[in-house]
Amino acid sequence: MINILGRFLLYFKFQVKIIVEFIYIAPGMKFFVVIRLALLLLLFLNPFKAFLSNAEIPEQGRGRISGRVYDSDTNEGLPFVNLIIEGTMTGSTTDLDGIFLFTGVEPGFVRLRVSAVGYETVISREFMVSSTRTANIDIGLKAVSVELEAVEVSVSQFERRDESPVSLRRLGIKEIEKSPGGNRDISRVIQGLPGVASTPAFRNDVIVRGGGPSENSFFLDGVEIPNINHFATQGASGGPVGIINTDFIREVEMYSGAFPASRGNALSSVFEIRQINGNTEKTNFQATLGASDLAITADGPLGENTTYMISARRSYLQFLFDVIGLPFLPTYNGFQLKTNTRISDNSTLSIIGIGAIDQFDLNLNANETPEQRFILEYLPVNEQWNYALGAVYRRFRPRGTETLVLSRNMMRNTAYKYPGNIESLPRILDYESDEIENKFRYERFLPLGNYRITIGGGGEFARYRNLTFQQVFINNNIESINYNTDLDLFKWSFFSQISRSLLNDNLTLSFGLRSDANNYSSSMSSLLDQLSPRLSASYRLRSNLFLNFNTGRYYQLPAYTTLGFRDNNGNLVNRLNNLSYIMSDHIVAGIELLPDEGSKLSVEGFYKLYGNYPFSVRDSVALGSLSADFGVVGAEEVISTGKGRAYGMELFYRNLDVLNWNMILSYTYVRSEFMNAMSEYVPSTWDNRHILNVTGLRGLPNNWEIGFKWRFSGGAPYTPYDLERSSRVDAWDVQGMCYIDYSRFNSERVPSFHQLDIRVDKQFFLERFSLMLYLDVQNVYNFEAEQRPNLVRNESLPPFTDEDGIKRYHLDELRNSFGNILPSIGIIFIL
């Protein structure tokens, strides 16, 4: 084994050198792009045969699957349940406690078909079987109602939810692991889901059905986490790289509408990210070298009833960025933890932890080109750290379950800037803030006859601290924003949901009610002011054809940066302006067809109406229509008068076997608009109009896999620059860049963006270890996406004085585009 690893490390060292050189010289060499890509593929594929043929590799090992089948309402183990590995004749049966075991299983991704008398037949989620560890999976079955026993029901791999018959999408672990262009980054992979816009820039903004990146909520095994990205935009959800380690993920669910009543504080989407448990038999180790970081993961038993998973990640982007001459050097570190304890036959306790330390330096030596100098002039040094820690206690009662979640999360964000990056001068920006939340949530699920009821509530104590000094150019003068905030908030909520099937289970209805309040101001303190009803309906036209509908009203608290903003006199100006919760009304209707077990076709129309959106007093635009950049969003005076709308349609087709390809096709037409100060609808920054994603994955003999993803996004609107203001020396010097002309807000539009990504995987399942390799190539045909051009100072010409005596810079337009071929190699070693 040491011989194998030594050979591979030497090979990989050579590959990294090739890739760095490839990235560096690709621009301007389009004629040779195809040739270079072919050579890179050969470099990746050809050495393995020789390298492994000399390494005395044993025969492929076999895997094991163990688990438990239980009643999803009572948690009682179900005996004599039949299980079959999909696509094979290999089967097993549960014992008296619901336990089952498969041995001698061929490694790879598999599903289980599970059937029992009196219960619905299900096909499990996809999971990985390897030769080095036992795959553990627990499967809950739902009892068949008396009315349904006489009805023919199609078995499908696409689970349906009573409370969310529309706008619910799932990603399994294979789609996450193997997603072309995703590089095992869940924040990037979800951009391929229906209704989610993708951007050509190096950001993971989650933009769902025309809503902004601040309108989403994320839950990790039921624990709410404030963001999922490193170097997160405070007040939104975007960032360049995801925090969550893919090694932990079991599946991801995205609700783009029809949110369950137990999930609040979201306007556009709710993400449920579920994790696997650690191995129950032995300790395992996994090392992953990805496109931008190195990760180490360990999992195994901690005693008889407890398992654990723990991981640490560190990036090496700063070294690559330094080699290719980028003017900024980011370094991120990530940590993740999960333990699961079986306290008794009817209760479990999980501990969930996740955190990040993000560091940042300016590369002042990278100042040879106008692009480099432009970035160095305006970009502040921005550093962050954050964590979330939670405990989830779940108890199964004779009727239903109860869940208690306790959690704490904190984020510290700092930024500073020296004029000209000269540290002997006074700072023009000095910013530090903390966001701290301590939460609890109680949920009780209760099946009563044909009714399924969920009730619960929650409370939260939050603290927001902010120290801000910033020089700004306002009203033709340089002014200083200088304030200190220490804000405490108490929040409370309640929720309930009741679902029932009627007409021989052909009609399913679900009604939910939620309300949130807090002590920030009188406009937010009454639960009656934030009542959030929602209604879902699904009618079975045929055994595999459904007509679905949902409508609801949802509320979200404005960002802490907005709640805690003060003027220089220390006043919480937005509290004085009677800031209130943001509101969004949804209407979604659609039709869903399940042609067979492995395919799904759905068409949905949606309409979202926004109210009470924070409206910028300074810029006269709703914050929901602004783009989210790195740094801070919402730290300004606003009033709750913003209105907007997003509407369109969504087509989704999924087929697990189209000529041996696992295919996903989604198309979304979306319009996103907000009212300006003259009550006219203007496009928001998220008004892409057309979003198309096509993804294909295919397994090949000898554990090879290939995949592709092609995506298209209509051109996004942008706002031209204010040339008169930007050219002023005093205005430019305090910001280091040009100013936007909000009187022409989003009056221009960049060209459409499209990109093809491909991926090749090879897996070696050996008796003592597993080795997985992949080559991921983004933007294969080297498409260059044009963005809003930048304005830069002409350094060869001195400032001049205009006829009004105002000193000005000469400004030049600098092309701004993204689009180089980006190849990367990943290595996953499992012991």
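Modeller: The count comes to 21 aromatic pairs. A pair here means two rings of Phe, Tyr or Trp (for Trp, the six-membered ring) with centres within 6.5 Å; planes under 30 degrees apart count as stacked, over 60 as edge-to-face, and the rest as tilted.

A word on the basis. The model is predicted: local features need pLDDT of at least 70, side-chain atom pairs count only at pLDDT 80 or more, and totals for chains, interfaces and linings use all residues. Residues are numbered from 1 along each chain as its sequence is written, and side-chain values use heavy atoms, with hydrogens and water left out.

W385 counts as partly exposed, because its relative accessibility is 30%. Y387 has 27%, so Y387 counts as partly exposed too.

N386 sits in strand β24, residues 381-396. Strands and helices are DSSP runs numbered from the N terminus (helices: H or I, at least four residues; strands: E, at least two). N386 has a relative accessible area of 8%, so N386 is buried. Contact means heavy atoms within 4.5 Å. Neighbours within four places in sequence aside, N386 is in contact with N227, I243, I354, G355, A356, M410 and M411.

Other rings join up elsewhere. F231, F321, F328 and F360 are linked into a cluster by ring pairs. Rings also meet charges. A charge sits over a ring if NZ of Lys or CZ of Arg is within 6 Å of the ring centre and within 35 degrees of the ring normal. The charged end of R169 sits over the ring of F652, 4.5 Å from the ring centre. R500 does this with Y451, its charged end 4.9 Å from the ring centre.

Now the salt bridges. Side chains of opposite charge can pair when their charged atoms come close. The structure holds 58 salt bridges. Each is a side-chain nitrogen of Lys or Arg within 4 Å of a carboxyl oxygen of Asp or Glu.

Take D247 and R184. They form a salt bridge, with the closest N and O atoms 2.5 Å apart. The pair links distant parts of the chain, 63 residues apart: D247 is in the loop between β16 (241-242) and β17 (249-255), and R184 is in the loop between α3 (173-177) and α4 (186-189). D247 counts as buried, because its relative accessibility is 9%. R184 is at 8%, so R184 counts as buried as well.

D430 and R427 also meet in a salt bridge, at 3.2 Å from N to O. D430 counts as partly exposed, at 33% relative accessibility. R427 has 29%, so R427 is likewise partly exposed.

A further salt bridge joins R553 to D585, at 2.7 Å from N to O. This pair also links distant parts of the chain: R553 lies in strand β31 (residues 545-556) and D585 in strand β32 (residues 582-593), 32 residues apart. R553 counts as partly exposed, with a relative accessibility of 30%. Shared partners also build a network: salt bridges join R161, R170, R250, E251, E253 and R274 into one.

T485 shows a polar side chain in a buried setting. T485 lies in strand β28, residues 477-502. Its relative accessibility is 0%, so T485 counts as buried. Its side chain reaches the backbone oxygen of G564 at 2.6 Å. That is a polar contact: a pair of N or O atoms within 3.5 Å where, within protein, one must be able to donate a hydrogen and the other to accept it, and where residues adjacent in sequence count only if both atoms are side-chain atoms. Beyond neighbours within four places in sequence, T485 is in contact with Y464, R465, N466, G564 and R566.

Last, the fold. The chain's secondary structure comes to 10 helices and 49 strands. Its radius of gyration is 27 Å, close to the 28 Å that the globule rule gives for 831 residues, so the chain is as compact as a globular protein of that length. The radius is taken over C-alpha atoms, and the rule is 2.2 Å times the number of residues to the power 0.38. The C-alpha atoms fill a box of roughly 90 × 70 × 45 Å along the principal axes. Buried residues make up 56% of the 831 residues. Of the contacts with a separation of 6 or more, 67% are between residues 24 or more positions apart.

Methods: Buried < 20%, exposed > 50% of the residue type's maximum accessible area, 1.4 Å probe, protein only.
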